[in-house]
Amino acid sequence: MSPLAPRLKAALALFLLMALVPPVVTALGDPFLTVVANRMLVFAIAALSLDLILGYGAMVSFGHAAYLGFGAYAVALGARWGLSDLLAQILLGMAMSAGFALVTGAISLRTKGVYFIMITLAFAQMAYFFFVAQSSLGGDDGVALQARSSLLGVSLEGDMALYYVTLGALMTIYAGLYRLTGSRFGRVLKGTRENALRMQAMGYRPFPYQLVAYVIAACLCSVAGVLLANLTEYVSPAYMGWHRSGELIVMLVFGGIGTLTGAVAGALVAVGLEEVLAIFSDHWRLGFGLVLVLVVLFSPDGLTGLAKRLGIGGRGNG
Amino acid sequence: MADLLEIRELRKNFGALAVTDGVSLSVAEGELHAVIGPNGAGKTTLIAQLSGQLAPDSGQVLYAGEDITHLDMAARVRRGLARSFQITALLPGMSVLENVALAVQARSGSSFRFWRDAGGEEITNAQARAALEEVGLADRASVQAQALSHGEQRQLELAVALATKPRLLLLDEPLAGTGGQEAERLIALMQRLKSRLTIVLIEHDMDAVFQLADRISVLVYGAIAATGSPEAVRADPAVRAAYLGEDA
């Protein structure tokens, strides 16, 4: 086994750090911070899934939050149908997401560039308004959940339990994507990002690979949606609005597009920054925008680029 | 010798301009067939139609007896019809070895494999290295493609095409932008390849063409002005007037 790639090491350090959060903040007498940190983890999963298509596949989806919504509504629907197990709800969310992604992805992938951005946005807004129109699910207002899900009979009512389940999901998905991006499939995806014509001249048809990646990303994002609904104990169409999709892209910009560790770090920093700035001012978005401008101007590769310049990071997978 | 490639009355118009104007041509198995012609004669457009990048308006392309006119690029590559690009088209952010390994991977097993590390596939890597060895790039395997010199990128173009295990190689100005030693190395490589592959070569470097070609076709305004041995083409008065007169 070769020594661990620097970015993989950085990710493991991040996970370890996050694992220490609940006991530390509880000891400090501020257990609510566990919920805040949990939110960071949830969006790290969503950002990771977006990075697969946006970073590795150069498919700039502006509708990725739709799958956050499908995951969340899978919890609401599951609760209604008596499905209270987290895994069952994840399966339901994945099934809904896969179906939607398969159809809309197959259509969207016929377009390129700015048209792809717009068409994914349009499809996501259709999903958004579909749930707005469901008065039985609270329509525009959304619906409060009676209780959190359970996992194999263990209740996730405690913030600590949900936190570690979320961290486990994040690490599992990171590991899976780490393997995937280094696999044959991942290589074809990256090659298509680099030069689709060249890939055709090697004998590939890029479309099925891109579509499969699109569906995988959707399914993984729905896991974040299931966890988000459990965290807030609330489900509303706002989870899948277009500005939420934009925020996911911003997280990738923060972290550095096209690296898994960057996606995780970007989400942690972006959500953390949001929480911190909100303490100081109601106009926190202004400060957030300023930081974003600084990142884009001075470190176009986000935190990954910064790490590289500081001598950590470097080439390789992760 | 049987014909490996047969082009029948191929036509392609861009608006009112007939870029390919009824081209018929046959390439025998094992032959190196050069296509020359002045700028704008439609050489690259012809290659694009042979490789499946462009669909002709009418006419037929037959490869190994099969009508491939309506097959896409990927299907033609799988049948052994590979091309190189005039304007270098590589995967710039990936390593030299990965560029070639992807071409090997395309013809060896499914690429819907999601778990095993592709970089650790010894058989794939060995074949990729062999192709790099062939073009003389073996010592640059771990460099990113975008960091190669122009001449090296031309070599890599050839290595990628070779790694698809072609039976017919379409080379679109492989010497473009190279000079001196680089060009000589590439010419020597084509000399070696021509003994085991059928090659359609588009090239502006007349010395190279007359040195390598078994037969030459001259394309002028989208139509074949003459086809024949290098000596016959050189002596053809119509060709001299249309093409060589300006150039040589």
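Across the interface of chain A and chain B, 18 residue pairs are in polar contact, both partners being at pLDDT 80 or more. A polar contact is a pair of N or O atoms within 3.5 Å; within protein, one must be able to donate a hydrogen and the other to accept it, and residues adjacent in sequence count only if both atoms are side-chain atoms. The structure is a predicted model, in which local features need pLDDT of at least 70 and side-chain atom pairs count only at pLDDT 80 or more, while totals for chains, interfaces and linings use all residues. Side-chain values use heavy atoms, without hydrogens and water.

**The interface**

On the side of chain A that touches chain B, the elements giving two or more residues are listed below. Helices (H or I, at least four residues) and strands (E, at least two) are DSSP runs, numbered from the N terminus.

| Helix of chain A | Residues |
|---|---|
| H7(A) | 159–182 |
| H8(A) | 184–194 |
| H9(A) | 196–202 |
| H10(A) | 206–232 |

The largest share of this side, seven residues, comes from H8(A). In total, 27 residues of chain A are in contact (heavy atoms within 4.5 Å) with 42 residues of chain B. The two chains bury about 3,100 Å² between them, 56% of it on carbon and sulfur atoms; buried area is the accessible area (1.4 Å probe) that two parts lose on being put together, summed over both. Arg184(A), Arg187(A) and Arg198(A) supply 30% of the area that chain A buries against chain B, more than any other three residues.

The interface also holds four salt bridges, each a side-chain nitrogen of Lys or Arg within 4 Å of a carboxyl oxygen of Asp or Glu. One of them joins Arg184(A) to Glu121(B), with the closest N and O atoms 2.8 Å apart.

Ser183(A) lies in the loop between H7 and H8 of chain A. Ser183(A) counts as buried because its relative accessibility is 0%; buried means under 20% relative accessible area, exposed over 50%, partly exposed in between (1.4 Å probe, protein chains only). Apart from neighbours within four places in sequence, Ser183(A) is in contact with Arg113(B), Phe114(B), Trp115(B), Arg116(B) and Ala118(B).

**A helix of chain B**

In helix H6 of chain B, Ala183(B), Leu186(B), Ile187(B), Leu189(B), Met190(B) and Leu193(B) are buried. They lie on the same side of H6(B) because they cover an arc of only 160° around the axis, taken from the directions from the helix axis to the C-beta atoms. The face turned away from this buried side carries the exposed residues Gly180(B), Gln181(B) and Glu184(B).

Conventions:
Residues numbered from 1 in each chain as written. Chains lettered and ligands numbered in written order.
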